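Dear colleague,

I am passing a structure on to you, and below it you will find my notes on what was found. Please read them with the model open beside you.

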Amino acid sequence: MKKNNKIKAVPAKKLADRGVEIKSQALKDKQIAVAVCGGIASVESVKIIRELRRFGAEVTAFYTPQVTQFITELPVEWATGKKVITEAQANVDHLEDFDLVVVVPATWNTISKSALGLSDNVVALLISSQLGKKGAILFVPAMNSSLQQHPLFENYREKLESWGARFLISDEEEGRIKVPTPETIAAQVVQIVKTKR
């Protein structure tokens, strides 16, 4: 029997399964709500949440009712380390103080509801509460470009921006407005939180 003389490399630092390599402490102790809306781009939420955690953020995820058609709660609970909030409950998580609410993907439906003050699900309630507190909100739209060209899109965007919300919109690709990279979103989040201080 041949003896195996190969030396196995031992990783310098082993992360727990949910752990992330910290890139920066720019979001340390910051409470970030990630409001996930129903659309195929919701599958990107795990990567986005983990990237925010790499900057030290404490992330709480909220789902609109349609999200589970695209992604279950399990991967996002794994990414945040917390239960996903899917409906308004007695502990009123949707009314908590967050340093920033990131709506990603922000669908046409949710943008419209937000501009009209409609609050028929926990994400809409979260957005309404954040607007009511004059808290920071970042909308990251993902939709077919024909929806972005709807005559009311710019009206709603301007109305939400006049209330203090910000938008991060990627260039059109394959007839769609897609979610930017997790790194791009995290950089924008860091910038917004910095300017709030």
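**Arginine 53 and its surroundings**

If neighbours within four places in sequence are left aside, arginine 53 is in contact (heavy atoms within 4.5 Å) with Arg18, Gly19, Val20, Ile22, Val59 and Ala79. Please bear in mind that this is a predicted model, in which local features need pLDDT of at least 70 and side-chain atom pairs count only at pLDDT 80 or more, while totals for chains, interfaces and linings use all residues. Residues are numbered from 1 along each chain as its sequence is written, and side-chain values use heavy atoms, with hydrogens and water left out.

Arginine 53 belongs to helix α1 (residues 45–53); helices (H or I, at least four residues) and strands (E, at least two) are DSSP runs, numbered from the N terminus. Arginine 53 is buried and yet has no salt bridge, the nearest side chain of opposite charge being that of glutamate 58, 7.0 Å away. Here buried means under 20% relative accessible area, exposed over 50%, and partly exposed in between (1.4 Å probe, protein chains only); a salt bridge is a side-chain nitrogen of Lys or Arg within 4 Å of a carboxyl oxygen of Asp or Glu, and for charge Lys and Arg count as positive and Asp and Glu as negative, with His and the chain ends not counted.

**The cores**

A nonpolar core is a set of buried Ala, Val, Leu, Ile, Met, Phe, Trp, Tyr and Cys residues joined through side-chain atoms within 4.5 Å. The largest one has 35 residues, and those with the most contacts inside it are Ile32, Leu52, Val102, Ile185 and Val189. Helix α7 gives the most to this core, with six residues. A second, separate core of 25 residues includes Ile85, Val123, Phe139 and Leu160.

**Aromatic pairs**

Rings of Phe, Tyr and Trp (its six-membered ring) pair if their centres lie within 6.5 Å, and planes under 30 degrees apart count as stacked, over 60 as edge-to-face and the rest as tilted. By this rule there are four aromatic pairs. The rings of tryptophan 108 and tyrosine 156 have centres 5.8 Å apart and planes at 25°, so this pair is stacked; it links distant parts of the chain, with tryptophan 108 in helix α3 (residues 108–116) and tyrosine 156 in helix α6 (residues 153–162), 48 residues apart. Tryptophan 108 is buried, with a relative accessible area of 17%, and tyrosine 156 also counts as buried, at 10%.

With best regards
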